[in-house]
Amino acid sequence: MGQVTGRSGDGGIDGTVREDALGLDEVYVQAKKYADGNTVGESALRNFAGAIDAAGTNKGVFVTTASFTPAVRRYVARSPKRIVLIDGEELARLMVAHDVGVRTRVSYEVKRIDEDYFSQEEQ
């Protein structure tokens with residue numbers, strides 16, 4: 001179960017997702033919508049890491065419509081926190097894979113020969 005918390009003064013946390021039914025473990029989420037060509041830099045990620053520290057957890061997901069700089073990826077690789085980065089390309093892939101915010105425009109039917117049909121006629 002998840003909850004949207006993002007608003008003015010949210011402390012850098014846009015939402016939370018409970019990992020278990022009891023709510024003992026929460027993952028904090030930060031989402032950034034940037035224009036094409038922009039990147040999320042290390043300062044934004046450091047702010048998010050500080051926000052999850054202040055929330056008393058070490059798990060987070062940082063989602064952006066843009067991409068992450070190499071410095072951000074290095075920061076996450078070195079960090080003791082468990083932070084997952086989802087850039088615009090991965091976000092689109094996940095949306096399609098899980099049918100979130102997408103619609104099917106065209107579907108194709110692939111047919112194959114039913115060999116059982118022909119073997120029945122031979123008998």
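In which sense do β3 and strand β5 pair, and over how many bridges? Select β3 and β5 (residues 59-64): they pair in the parallel sense over five bridges. Two strands count as paired if DSSP finds at least two bridges between them. Within this pair, V29 stands opposite V61 in β5.

Before going on, note that this is a predicted model, in which local features need pLDDT of at least 70 and side-chain atom pairs count only at pLDDT 80 or more, while totals for chains, interfaces and linings use all residues. Residues are numbered from 1 along each chain as its sequence is written, and side-chain values use heavy atoms, with hydrogens and water left out.

**The strands and helices**

Now show the whole chain. There are four helices and seven strands, in the order β-β-β-β-α-β-β-α-β-α-α along the sequence. Helices (H or I, at least four residues) and strands (E, at least two) are DSSP runs, numbered from the N terminus.

**The cores**

Next, select L45, F48, F62, I83 and L85. Of the 16 residues in the largest nonpolar core, these touch the most other members. α1 (42-54), α2 (70-78) and β7 (82-86) are the elements that give two or more residues to this core, and α1 gives the largest share, six residues. A nonpolar core is a set of buried Ala, Val, Leu, Ile, Met, Phe, Trp, Tyr and Cys residues joined through side-chain atoms within 4.5 Å. Buried means under 20% relative accessible area, exposed over 50%, and partly exposed in between (1.4 Å probe, protein chains only).

Centre on I83. Leaving aside neighbours within four places in sequence, I83 is in contact (heavy atoms within 4.5 Å) with L45, F48, A49, I52, G60 and V76.

In soluble globular proteins, nonpolar side chains tend to be buried together. Of the 123 residues here, 30% count as buried.

Finally, select I113, in the loop between α3 (88-97) and α4 (115-122). Is I113 buried or exposed? I113 is exposed, with a relative accessible area of 57%.
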